[in-house]
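Here are some friendly notes to read beside the model. Keep the structure open and find each residue as you go.

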Amino acid sequence: MVLERFPDFWSHELVSLTSEPLTARLATTGRHWSPRATGFEIKPLPGAPDPADTPPRRLRQMREIARRFAFEDRGAKDELYELRLMPHPVHRYQAADAGLVDGALFVFAYGTNPQALLVIELHRDKEAMNWHYGCARVSGDAVSATLDGKPVFAVAL
């Protein structure tokens, strides 16, 4: 297939995974994005396993935790799409000074098009280490999620 003409515009899907204010600015045009609120929330993970002692074992646990979630995308014409968990996290991180022992960012996609994000983190406080999760939409459609079959996240159109 040969494109005779490029689209007149590009679309971008941005999401903030921080509790701090931020601004993203496109250097070429000066256009910017600065959300009033993130809408992203980290919550304790119910029924979480005891954290493993090594990064490879924790990654295995995070993958098992991610499989407990199911995401759906509802399009503008009310079509319902079950989203697929991509097999590998797209980012792995830690911030030991902030009490973040381990974390991973998983993508749920329609085909290979990312529609939702799942953040899984292991936090350390003074007494224990505990698993947490957060969900985010990276789609223009309505997205919802369940954890073990129970609703935990929804963003409407």
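**Notes on strands, contacts and cores**

1. Strands β11 (residues 142-147) and β12 (residues 150-155) pair in the antiparallel sense over 5 bridges. Helices (H or I, at least four residues) and strands (E, at least two) are DSSP runs, numbered from the N terminus, and two strands pair if DSSP finds at least two bridges between them. The hairpin has 2 residues between its strands, and Asp 148 takes a positive phi near 55 degrees there.

2. A word on how to read this. The model is predicted, so local features need pLDDT of at least 70 and side-chain atom pairs count only at pLDDT 80 or more, while totals for chains, interfaces and linings use all residues. Residues are numbered from 1 along each chain as its sequence is written, and side-chain values use heavy atoms, with hydrogens and water left out.

3. How confident is the predictor? The protein chain averages a pLDDT (the predictor's confidence in each residue, from 0 to 100) of 90, and 92% of the residues score at least 70.

4. Strand β4 (residues 69-74) pairs with β11 in the antiparallel sense over 6 bridges. Follow Val 143: Asp 73 is its bridge partner, and Val 143 also stands opposite Val 155 in β12.

5. Which residues does Ser 139 contact beyond its neighbours within four places in sequence? They are Glu 13, Asp 73 and Gln 115 (contact means heavy atoms within 4.5 Å). Ser 139 sits in the loop between β10 (129-137) and β11. With 8% relative accessibility, Ser 139 counts as buried (buried means under 20% relative accessible area, exposed over 50%, partly exposed in between, with a 1.4 Å probe and protein chains only). Its side chain makes a polar contact with the side chain of Asp 73 at 3.1 Å, and it reaches the backbone nitrogen of Asp 141 at 2.9 Å. A polar contact is a pair of N or O atoms within 3.5 Å; within protein, one must be able to donate a hydrogen and the other to accept it, and residues adjacent in sequence count only if both atoms are side-chain atoms.

6. Is Asp 78 buried or exposed? Asp 78 is exposed, at 52% relative accessible area, and lies in the loop between β4 and β5 (80-82). Its side chain makes a polar contact with that of Arg 74 (3.2 Å).

7. Next, the rings. The whole structure holds 3 aromatic pairs. In one, Phe 71 and Phe 108 have ring centres 4.3 Å apart and planes at 40 degrees, so the pair is tilted. Rings of Phe, Tyr and Trp (its six-membered ring) pair if their centres lie within 6.5 Å; planes under 30 degrees apart count as stacked, over 60 as edge-to-face and the rest as tilted. Phe 71 is in β4 and Phe 108 in β8 (residues 100-110), so the pair ties together parts 37 residues apart in sequence. Phe 71 is buried at 1%, and Phe 108 is buried at 2%.

8. Finally, the cores. The largest nonpolar core has 22 residues, and Phe 69, Phe 71, Leu 118, Ile 120 and Cys 135 touch the most other members. Such a core is a set of buried Ala, Val, Leu, Ile, Met, Phe, Trp, Tyr and Cys residues joined through side-chain atoms within 4.5 Å. A second, separate core of 9 residues includes Leu 105, Val 107, Ala 109 and Val 119.
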